[in-house]
Amino acid sequence: MVNTVVHKTNPNALSGWLNGLFGVIIFSGSLPATRVAVRDLDPYFLTFSRASIAGVLALLLIFSFREKRPNARQIGSLVVVSLGVVIGFPLLTAMALRHVTSAHSIVFLGLLPLSTAIFGVIRGGERPHRAFWIFSTLGSLLVVGFALSHNVAVSLTGDLLMLAAVVVCGLGYAEGAKLSRALGGWQVISWALIISLPFMVAAALFTLPASFSHVSPSAWGALAYVSLFSMLIGFIFWYKGLAIGGIAAVGQLQLLQPFFGLGLSATLLHETVSPLMLVITLGVILCVMGSRKFAR
């Protein structure tokens, strides 16, 4: 008798990847929006005000659904999440984007999936196959190489700030995904925002500009986007995706984020999409598929 092994698609894994994809699509507008906002707004005020706005909305969500408070151990993890994705990444990128362009930041976004995967091993206890790291590294190199091919200007200060942002963001993603398995995705980002809310409101008031007369409508729109979508809604999908599909595996979807952003620019701003971008995008998609296959 011959034993037949039937491989079935895990619906939970598929749900994780779809949620992660929605999160990445939402995040794809974050850096361009931040770049627009810091033209008229101080990066410190931008960071503190976006978290304050999202924190108030998170507070309303938690009280509306009467969510149970996290325990002391979970609060420690929520502080790490808050320091990583509520304070660290937005502040460091806002500061960096005063020295580098949003196009140059793609170089570092290409390293974010690796950072997330590494912290997924350290904090999430995941053990991807060796082939996963090959596909992940290759995908990162494709994104970095694509960004560098555009002859973008280099700034040591901006590059160091972006590198620090990638490290703290990877930690915040992995810690939040691990915690989402117990609390839920939207609850994690909501509690992280609430924990930081008193500090953020005080800091926003302290960095409040003397006048807003110089702030353009596009800057206000950018602030609204990063407050509502980048700071809250995107994380609801993202943490759920990481928790269900795996931190290291779903984290590789971040490789597609720069190309979603460039695609949006081509659609909305009629910017040119080069044949090289299409080729690199295809290569990155293949690397993401390969990473998914060997992630567990």
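**Chat about an all-helix chain**

Biologist: Which helix gives the largest share of the nonpolar patch?

Modeller: The largest share, four residues, comes from α3. Before we go on, this is a predicted model, where local features need pLDDT of at least 70, side-chain atom pairs count only at pLDDT 80 or more, and totals for chains, interfaces and linings use all residues. Residues are numbered from 1 along each chain as its sequence is written, and side-chain values use heavy atoms, with hydrogens and water left out.

Biologist: Noted. Which residues form that patch?

Modeller: Ile53, Val56, Leu57, Leu60, Leu228 and Phe229. Together they have about 460 Å² of accessible area. Two elements, α3 (43-64) and α10, each give two or more residues to the patch.

Biologist: What counts as a patch?

Modeller: Patch residues have over 30% relative accessible area and no salt bridge. Nonpolar side chains (Val, Leu, Ile, Met, Phe, Trp, Tyr) are joined within 5 Å, and like charges within 9 Å. The areas come from the Shrake-Rupley method with a 1.4 Å probe, and for residues only the protein chains shown count as cover.

Biologist: Where does Ile53 sit?

Modeller: Ile53 is in helix α3. Ile53 counts as partly exposed because its relative accessibility is 38%. The scale is simple: buried is under 20% relative accessible area, exposed is over 50%, and partly exposed is in between (1.4 Å probe, protein chains only).

Biologist: Why would helix residues three or four places apart point the same way?

Modeller: An α-helix has 3.6 residues a turn, so residues at that spacing point the same way.

Biologist: Step back a bit. How many helices and strands does the chain have?

Modeller: The chain has 13 helices and zero strands. Both are DSSP runs numbered from the N terminus: helices are H or I with at least four residues, strands are E with at least two. Of the 296 residues, 53% count as buried.

Biologist: Now α10. How far does α10 reach?

Modeller: Helix α10 covers residues 217-245, which is 29 residues. From first C-alpha to last, α10 reaches 39 Å, close to the 42 Å expected. The expected span is 1.5 Å times one less than the number of residues.

Biologist: Where is the kink in α10 centred?

Modeller: On Phe235, with an angle of about 45°. The bend at a residue is the angle between axes fitted to the seven residues ending there and the seven starting there.

Biologist: What follows α10?

Modeller: Gly246, whose phi is positive, near 105°.

Biologist: Change of topic. How many salt bridges are there?

Modeller: A search of the whole structure finds two. A salt bridge here is a side-chain nitrogen of Lys or Arg within 4 Å of a carboxyl oxygen of Asp or Glu. One joins Arg123 and Glu175, with the closest N and O atoms 2.6 Å apart. Arg123 is in α6 (residues 112-124) and Glu175 in α8 (residues 156-183), so the pair ties together parts 52 residues apart in sequence.

Biologist: Is Glu175 buried or exposed?

Modeller: Glu175 is buried, at 2% relative accessible area. Arg123 is partly exposed, at 34%.

Biologist: And which side chains meet in a salt bridge at 3.3 Å?

Modeller: Those of Arg181 and Glu126, N to O. Arg181 is in α8 and Glu126 in the loop between α6 and α7 (130-148), so this pair ties together parts 55 residues apart in sequence. Arg181 is partly exposed at 44%. Glu126 is buried at 14%.

Biologist: What about aromatics? How many pairs?

Modeller: The count comes to 14 aromatic pairs. Rings of Phe, Tyr and Trp (its six-membered ring) pair if their centres lie within 6.5 Å; planes under 30 degrees apart are stacked, over 60 edge-to-face, and the rest tilted. Phe27 and Tyr173 have ring centres 6.5 Å apart and planes at 15°, so they are stacked. Phe27 is in α1 (residues 11-27) and Tyr173 in α8, so the pair ties together parts 146 residues apart in sequence.

Biologist: Which residues do ring pairs link into a cluster?

Modeller: Phe27, Tyr173, Phe235, Trp238 and Tyr239. Phe27 is buried, at 5% relative accessible area. Tyr173 is buried at 5% too. Phe235 is also where the α10 kink is centred.

Biologist: Last one. Where is Ala94 found?

Modeller: In helix α4 (residues 72-96). Ala94 is buried, at 1% relative accessibility. The C-alpha atoms of Ala94 and Leu161 are separated by 9.2 Å, though the two are 67 residues apart along the chain.
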